[in-house]
Amino acid sequence: MRMTFGDITLLGASHSPFVGVDIANIPAGIRIGDEDFEQALSRRRSGAKGTTPRREADLPLIERGIAEGVTTGATIRILFANNDTRPADYSRFESQPRPGHADYVSRIKYGKVFPGGGIFSGRMTLPLVAASVVLKAAMPPSVSICAQLERDENFDRRLDAAIAAGDSIGATVRCECRGVPAGLGEPFFDSLEGTIARLVFAIPGVRGIEFGDGFAASAMLGSSHNDPIVDAEGHTSRNGAGGINGGISNGNPIVFRVAFKPTSSISREQRTFDFSAGEVKAMKTAGRHDACFALRTPPVVEAAATIALWTAMHS
């Protein structure tokens, strides 16, 4: 299956032979080394406490568009093999969809439940991150994008408790984009917040996004929330708007936070409808899943922001 946004087209699915991405309209002559991909992709890999036991090498195969570490001007295609798959783990979800997952809507929309979550799987974020490596290399060097998981003093305790109970937890990721020029975006339908939010909500498991002061602004006074301009370049003494006014970047850092839900697939017993039996029955989700998939999402949030900014810069 192919899914396209602007210059980016995702290819494959979680349990197909590969996942990949096509990236169009990248100029020739941009240097992108193996180390650039490894630095980004290693942050998304599983292996840390709370992440899935599924092990994939996630080695990018450059099929076209980059030769000897330099872009050629042709559409770039990057593929990743899916090797560590277990389709049998997902066979029962055809008749008994997992609570909180896309199994039921997949049945309605496509007439089947895809092994491994298919196009709904977090596996599809891998080619997004690969695409962002290319776009970052093509962007002005003054632009920097950094996302980090927000951890409080109780995070590890809550994660350990969820693992022990066969349950899961969610988390929040904060992203800051610096060096973004003023003037990107349009009012209303093509607002920069809307473009960023559209890409962020393409990430499986996102439940909310807020810019600057976000929802807290609803309880503030205007005198507290407003961002006084302090120089002719439009810099402000605070950043309650998160770097965007009227749908257009104002030259200050673009700051937003993303809320990720707890992983839907948990081994703890739940009760949900079984279509083959025609009644609600108990179920435990087999397979290998993250107790907190948000641990692996900071590079994915960075990828969403990168694609959104690239799109705004070239629209």
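What share of the 315 residues of the protein chain counts as buried? The share is 49%, where buried means under 20% relative accessible area, exposed means over 50% and partly exposed lies in between, with a 1.4 Å probe and protein chains only. The structure is a predicted model, in which local features need pLDDT of at least 70, side-chain atom pairs count only at pLDDT 80 or more, and totals for chains, interfaces and linings use all residues. Residues are numbered from 1 along each chain as its sequence is written, and side-chain values use heavy atoms, with hydrogens and water left out.

The protein chain contains seven helices and 15 strands; helices (H or I, at least four residues) and strands (E, at least two) are DSSP runs, numbered from the N terminus. Its radius of gyration is 21 Å, close to the 20 Å that the globule rule gives for 315 residues, so the chain is as compact as a globular protein of that length. The radius is taken over C-alpha atoms, and the rule is 2.2 Å times the number of residues to the power 0.38. The C-alpha trace spans about 70 × 55 × 35 Å along its principal axes. Of the contacts between residues at least 6 apart in sequence, 71% join residues at least 24 apart, a contact being heavy atoms within 4.5 Å.

Strand β9 (residues 171–178) is joined to strand β8 (residues 144–150) by seven bridges, and the two run antiparallel. In this pairing I145 stands opposite C177 of β9. β9 also pairs with strand β13 (residues 254–260), again in the antiparallel sense and over seven bridges, with R257 in β13 as the bridge partner of R174. A further antiparallel pair is formed by β14 (residues 270–274) and β15 (residues 279–283), over five bridges; here T272 has K281 in β15 as its bridge partner. The hairpin of β14 and β15 has four residues between the strands, and G278 takes a positive phi near 70° there.

Most residues other than glycine have a negative phi. N25 has a positive phi, near 60°, and is placed in the loop between β3 (18–23) and α1 (34–42). N25 is exposed, with a relative accessible area of 59%. E68, not a glycine either, has a positive phi of about 50°. Its place is the loop between β5 (66–67) and β6 (70–71), and E68 is exposed at a relative accessible area of 82%.

In helix α5 (residues 192–200), the buried residues are L192, T195, I196, A197, L199 and V200. These residues pack against β1 (2–5), β10 (206–211), β11 (244–245), β12 (248–249), β13 and α7 (298–313). Helix α3 (residues 125–138) includes A138, which is partly exposed with a relative accessible area of 22%. Not counting residues up to four places away in sequence, A138 touches I30 and W310. A138 and V113 are 25 residues apart in sequence, and their C-alpha atoms are 38 Å apart in space.

Note on methods:
Pairing = 2+ DSSP bridges.
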